[in-house]
Amino acid sequence: MISVRIASGVLIAGTAAAVVGCAPATERPTTPATAAVASEHPSETLTPLIHKALPNIQGKTFTSATVTFPPGARAVPHRHGNAFVYAYVLEGAVRSQLEGEPMRTYHRGENWIEQPGAHHVATEDASNTEPAELLVVFVSTTGEQLKTDDPHQ
């Protein structure tokens, strides 16, 4: 029983590292520009739920997580590699924009998909007073980093 708990803890920690880019936000390089953005807007928090190799599709992994946005929070523009992404709004409202598409606001119960290689240029809580939460599902190449933030300018 103890070994199962330890294995579960290792799996959760490994999933969190893979989804957020293998380093906690506090360890990412900071420039004056990113420090200013970070102080103006809080960022999202990711909580891993499951990370499992797909038994019927060699080399592919299913990962799910919740992403919580405090009021006024926004994510850094990013990509999800070759992952197919599905996002469902559990709570609140989230503004989202993929490169080449208009900004759209998604409310509780609404969802969207991101094709492999998509550039997510904006993701933010639509409210400055209420939190928002997403359920995000990735189907990715096993071992591939799930989120890569754009280089800081």
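This is a predicted model: local features need pLDDT of at least 70, side-chain atom pairs count only at pLDDT 80 or more; totals for chains, interfaces and linings use all residues.

Analyst: The part to look at is an open sheet of five strands, whose order is β6-β5-β8-β3-β10 and whose pairing is antiparallel. Its edge strands are β6 (104–107) and β10, each of which pairs on one side only.

Of its 153 residues, 31% count as buried. When contacts between residues at least 6 apart in sequence are considered, 70% of them join residues at least 24 apart. The protein exposes about 8900 Å², of which carbon and sulfur atoms supply 60%.

Next in the order comes β8, which spans residues 119–125 and includes D125. D125 is buried and yet has no salt bridge, since the nearest side chain of opposite charge, that of R95, is 7.0 Å away, whereas a salt bridge requires a nitrogen and a carboxyl oxygen within 4 Å. A polar atom of the D125 side chain does, however, lie 2.8 Å from the backbone nitrogen of S127. Leaving aside residues up to four places away in sequence, D125 touches F69, P70, P71, G72, A73, A93, R95, E130, P131 and A132. R95 is thus one of the residues that D125 touches, although the two form no salt bridge.

E124, also in β8, presents another case. Its side chain meets that of R74 in a salt bridge, with 3.5 Å from N to O. Because E124 lies in strand β8 and R74 in the loop between β2 (60–69) and β3 (78–79), the pair ties together parts that are 50 residues apart in sequence. E124 counts as buried, at 13% relative accessibility, while R74, at 36%, counts as partly exposed.

Side chains of opposite charge can pair when their charged atoms come close. The side chains of D149 and K147 meet in a salt bridge of 2.8 Å, N to O, and D149 is buried, with a relative accessible area of 19%. K147 also forms a salt bridge with E44, where the closest N and O atoms are 3.3 Å apart. K147 lies in the loop between β9 (132–141) and β10 (148–149), and E44 in the loop between α2 (32–40) and β1 (45–53), so this pair ties together parts that are 103 residues apart in sequence. K147 is itself buried, its relative accessible area being 13%. Through shared partners, salt bridges join E44, K147 and D149 into one network. The count of salt bridges comes to four, among them the pairs E124 with R74, D149 with K147, and K147 with E44.

Key:
Residues are numbered from 1 along each chain as its sequence is written. Side-chain values use heavy atoms; hydrogens and water are left out. Buried means under 20% relative accessible area, exposed over 50%, partly exposed in between (1.4 Å probe, protein chains only). Contact means heavy atoms within 4.5 Å. Accessible areas come from the Shrake-Rupley method with a 1.4 Å probe; for residues, only the protein chains shown count as cover. Helices (H or I, at least four residues) and strands (E, at least two) are DSSP runs, numbered from the N terminus. Lys and Arg count as positive and Asp and Glu as negative; His and the chain ends are not counted. A polar contact is a pair of N or O atoms within 3.5 Å; within protein, one must be able to donate a hydrogen and the other to accept it, and residues adjacent in sequence count only if both atoms are side-chain atoms. Two strands pair if DSSP finds at least two bridges between them.
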